[in-house]
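User: I have a structure open and would like to go through it piece by piece. Can you help me read it?

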Amino acid sequence: MEVLGFKAKSKIALLVVLVLSFGLAALYGLLKPVSNGCNMTYMYPTYIPIQMTSSAAAAPAKYGLYLYHEGWKTIDFKEHVQKLSGIPVLFIPGNGGSYKQVRSLAAESDRAYKVGPLERTFYEEARLTPEEGGEEDMDVAGFELRNQYNSRLDWFAVDLEGEHSAMDSAVLEQHTQYVVRCIHRILDQYEESFKAREKEGAATSVTLPKSVILVGHSMGGFVARAAVVDPLLRKSAVETIITLSSPHQQPPVALQPSYGHYFRHVNREWRKGYEVQTTAAGHYLSGPALSNVVVISISGGYNDYQVRTKYESLDGIVPPTHGFMISSTGMKNVWLSMEHQVILWCNQLVIQVSHTLLSLTDSRTGQPFSDTQIRLAIFSRMLRSAIPQSFNWRKQSQLSQQSMHAPTRDVKDRTESLYIPAACPSNVHWSDDGLERDLYIQTTTVTVLAMDGRRRWLDIQKLGSNGRSHFMFVTNLAPCSGVRLHLWPDKRNSTSDLPACIRIHEVTSRMVLIPSGPAPRQIEPGSQTEQAPPSAILRLGPKDMRGFRFLTISVAPRPSISGRPPPAVSMAVGQFFNPAKGEREISPWSPSLSGYSHKDLSWKEDHPLALNLSFTSSLGLLPVKFSLKTAGCGIKSSGLPDEQAGDIDNSKLCKLRCFPPVAFAWDETAGLHVFTDLYSDKIVVDSSPSLWSSPRSSEKTSVMLVVDPHCSYSSAMTVSVTAVASRFLLVYTSQIIGFSIVVIFFALMRQACAWDRNLPIPSMLKALESNLRFPIPFIYLAIAPIGLSLLVGFWISQPSPSFASFTIVSVVCYFLANGFIAILILTSQFAFYGAALLHIFIKKRFQWGGKTSQWFVNISSGFCSWKVVRVIRANPLMVTALAAITLACLVHPGLGLLVLLLSHALCCHTALCSFISQPCTKT
């Protein structure tokens, strides 16, 4: 056998050291505790078993169905079930999950029903996009927030015995079939309870539910979708599905081919379900079978290592008119990334989902709206943020039709008698007559440091010149009750000269809610504190302000609160700016990958309020730790004596004047990510760049910084080796495993080629080393397939990543695969050699003795003399093959593979024992 030379050994050793270092760094990054910021959810659970009827006798007896009840008091199960009159919701646990995981959602739903809807605000709400069928004049009155919800949610949970549905497609199909029976049983139970109340003479004005809302976690979300296309499911029995961290595109780990086949089958049925049914001749037969089904997929973001965001997408499965995916990082009132199990109990997310489900209720029927567009609009409004999903500030925005065509009423102003639309409701309206003297701003930047009850006038024509055509406003004041903004025509024009569409328009409702950090504490009344973080943002483009001359910012008077000090800090900053001056493009080499080297960026005072950073490399692969430090803010000293100033530095002084910076990151796959109080934080998105199925846009990440223009800043970007290694391993694990299999086949092919040519057979390490030689073997085995795949993609006009990134990532995966296999070979050699040494040592040093050992030798000799045993010993490969085939076909393919691996290990052990025992025999 051909062995390795010194040069080859050095090459393998270097590769092994690099891969081990990479693997340890990745494991450190993945296993490091993650602070998700979630609050715990508390409950008093009671689980009421629901008996399956005789029609469901075919269901496995090990499964079960439970009804959840929240409360610490003991209840009568039969009486409670008989009172069912709410909206049925069925929770489906995931891989290895428990039916008791429903408790957080069910408990918060019960509290939300009793307390009532969330407090109403007047921020801009998210709307459906044109692709989703959104229309500006769609009637949304049916799902306006009310003072009290009409119907409660009755939470059911299916007990699947904690089976691992992510390992076997047969288990997944059993779960699907049982969930279908549970849906039928739930609907039948409502009918039985209705008849029982009717028999007793109780009030029976409640509408019976015709469908069940499904909420699935992990694989339970896929089971929910599979149940909808099951042929045994009743028509319209399921119309709404919410999935939490559930894979839809493909299984995260497909351990058997049938698992992938089942996924493709279900997804294929879903695609057909949204198509019009026609005959073979093309004649209309019926409408889409799933035309009334809405699916919402909620992902956990970059902290969910088990199910990646790209797997949770509904693209190509559910049309945009019937569902969408949203990441928890961009979900309204949540803004957090969370692990796979945390998404079940994270209080911020659980509350938002509970109120969303309760908002689906139609007041006329007490059941969810039947109209698909209304349900989708409710999900969009309750879950999505109105923050724009793209930060292309050159793109013009339009005033919403709702504000442009809002009803008007006469409001007498001190300057003119014009028509002003009442965007804010009358109960929170404060009259303009209460404002003190007006302020006329002469600079492009306006600042509000207190609720002073003044109105500030900004001349759009003057301040918006020289390319400063965009306006941005950030504040922590609440819209309507704290601040109001209006667009005014030129005062010199009379009312009669103005067209109907050019009147005073209130744009307060265009303010978008953003997450904010905790407000600074005021030590004592009147003391100075740090600036408060912004909680709202408003942006106006040139088209929004076209036809108007002035923009006014009216601030409410400070409220007088008896017995305690008023709010510590009120802030607002507005600016006319040129977006082009705030744009920076950052190459992947700016933050060095060699360690913790950094690249500094600086912005002087009076910079744009919005800074748009375009990272040419995805932050899903290269997470950047972004540190922002205030370099100056026009304050030379604290003004205190030296003995009182102490250690107050310039940075601390600037925090008294400038608000904390906020970052918005947007990714093609994962959507919106918000990072508050960005003085030092890691910016990362859950993207999958440089994959064959990834678009080119996924290779870039857009980041917008909202920073105070009164301060100058210096920033530092660092890339941690552990962060890069962990993200690379997380994103490209399947590619590395695929390359590893290819590397093994390459090595076996070299051994087979040497055998065929009667040449010395190279060892596995020798064959592995030859795969890394430059230029011929490496070009044939690594570069040529990459070029061929890109050529095929170009020929069939399929979207593909850039050649450079795809090649670099593929080559890195190829080297990691070679290193991984080299480590596996060395580890197995050391393990088998050690086992052989131990075996020989015991055999040579300790001899059998006594009657007991002689009896054991006689028994073993008699056993070996049996004919069956002699046949097995003579044909070990046949026995191994039969056992492996039987287990793979009848039990599980993994068991058959395990038999083959154990057989191979036994052969290696026997060969090593024979090799080691030969020198001992000769001596």
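User: Which strands form the open sheet with antiparallel pairing, and in what order?
Analyst: This is a predicted model. In it, five strands make up that open sheet, in the order E14-E22-E16-E20-E19.

User: Which strands are at the edges?
Analyst: Strand E14 (445–448) and strand E19 (512–513), and each of them pairs on one side only.

User: How many bridges are there between E16 and E20?
Analyst: Strand E16 (residues 470–475) and strand E20 (residues 536–540) are paired over five bridges, in the antiparallel sense.

User: What actually holds strands together in a sheet?
Analyst: Backbone hydrogen bonds, with the strands running either parallel or antiparallel.

User: What about the sheet with E23 in it: what is the strand order there?
Analyst: The order is E23-E25-E30-E27-E28, an open sheet of five strands with mixed pairing. Strand E23 (583–586) and strand E28 (671–675) are the edges; each has a single partner strand, so one side of each has no neighbour in the sheet. From one strand to the next, the twist averages 20°.

User: How do E27 and E30 pair, parallel or antiparallel?
Analyst: Antiparallel: five bridges connect strand E27 (residues 662–667) with strand E30 (residues 701–706). Ala663 has Leu705 in E30 as its bridge partner.

User: Next, strand E15. Is E15 largely enclosed or exposed?
Analyst: Strand E15 (residues 455–459) is largely enclosed by the rest of the structure, because five of its five residues are buried. Arg455, Trp457 and Asp459 point one way from the strand, while Arg456 and Leu458 point the other way.

User: What does E15 pair with?
Analyst: Strand E13 (residues 439–441) runs parallel to E15 and is joined to it by three bridges. In that pairing, Leu439 is opposite Arg456. Strand E21 (residues 550–555) runs antiparallel to E15, with five bridges between the two. There, Leu458 has Leu551 as its bridge partner.

User: Which residue does Asp459 form a salt bridge with?
Analyst: Arg549, at 2.8 Å from N to O. The two come from distant parts of the chain, 90 residues apart: Arg549 is in the loop between helix H12 (542–545) and E21, and Asp459 is in strand E15. Both residues are buried.

User: Why would those side chains pair at all?
Analyst: Side chains of opposite charge can pair when their charged atoms come close.

User: How many salt bridges are there in the whole structure?
Analyst: A search of the whole structure gives 19. Some are linked in a network, made up of Glu124, Arg127, Arg510 and Asp544.

User: And which residue does Lys195 pair with?
Analyst: Lys195 forms a salt bridge with Glu191, with the closest N and O atoms 3.5 Å apart. Both are in helix H4 (residues 169–199), four residues apart, which is about one turn of the helix. Lys195 is partly exposed, with a relative accessible area of 48%, and Glu191 is partly exposed at 36%.

User: Arg185 and Glu192 also make a salt bridge. Which of them is buried and which is partly exposed?
Analyst: Arg185 is buried, with a relative accessible area of 7%. Glu192 is partly exposed, at 38%. Their closest N and O atoms are 3.7 Å apart.

User: Changing topic: how many disulfides are there?
Analyst: Two. A disulfide is a covalent bond between the sulfur atoms of two cysteines.

User: Which cysteine is joined to Cys38?
Analyst: Cys346, with an S to S distance of 2.2 Å. Cys38 is in the loop between helix H1 (6–31) and strand E1 (45–50), and Cys346 is in the loop between strand E10 (323–327) and helix H8 (347–359), so to picture the link, think of distant parts of the chain, 308 residues apart. The link is left-handed, with -85° about the S-S bond. Cys38 and Cys346 are buried.

User: And which cysteine is joined to Cys658?
Analyst: Cys711, with an S to S distance of 1.6 Å. The torsion about that S-S bond is about 85°, so this disulfide is right-handed.

User: Are Cys658 and Cys711 buried or exposed?
Analyst: Cys658 is buried, with a relative accessible area of 1%. Cys711 is buried too, at 0%.

Note on methods: Residues are numbered from 1 along each chain as its sequence is written. This is a predicted model: local features need pLDDT of at least 70, side-chain atom pairs count only at pLDDT 80 or more; totals for chains, interfaces and linings use all residues. Side-chain values use heavy atoms; hydrogens and water are left out. Buried means under 20% relative accessible area, exposed over 50%, partly exposed in between (1.4 Å probe, protein chains only). Two strands pair if DSSP finds at least two bridges between them. Axes are lines fitted to C-alpha atoms, for helices over the stretch in contact, and angles run from 0 to 180 degrees between N-to-C directions. A disulfide is a pair of cysteine sulfur atoms within 2.5 Å. A salt bridge is a side-chain nitrogen of Lys or Arg within 4 Å of a carboxyl oxygen of Asp or Glu.
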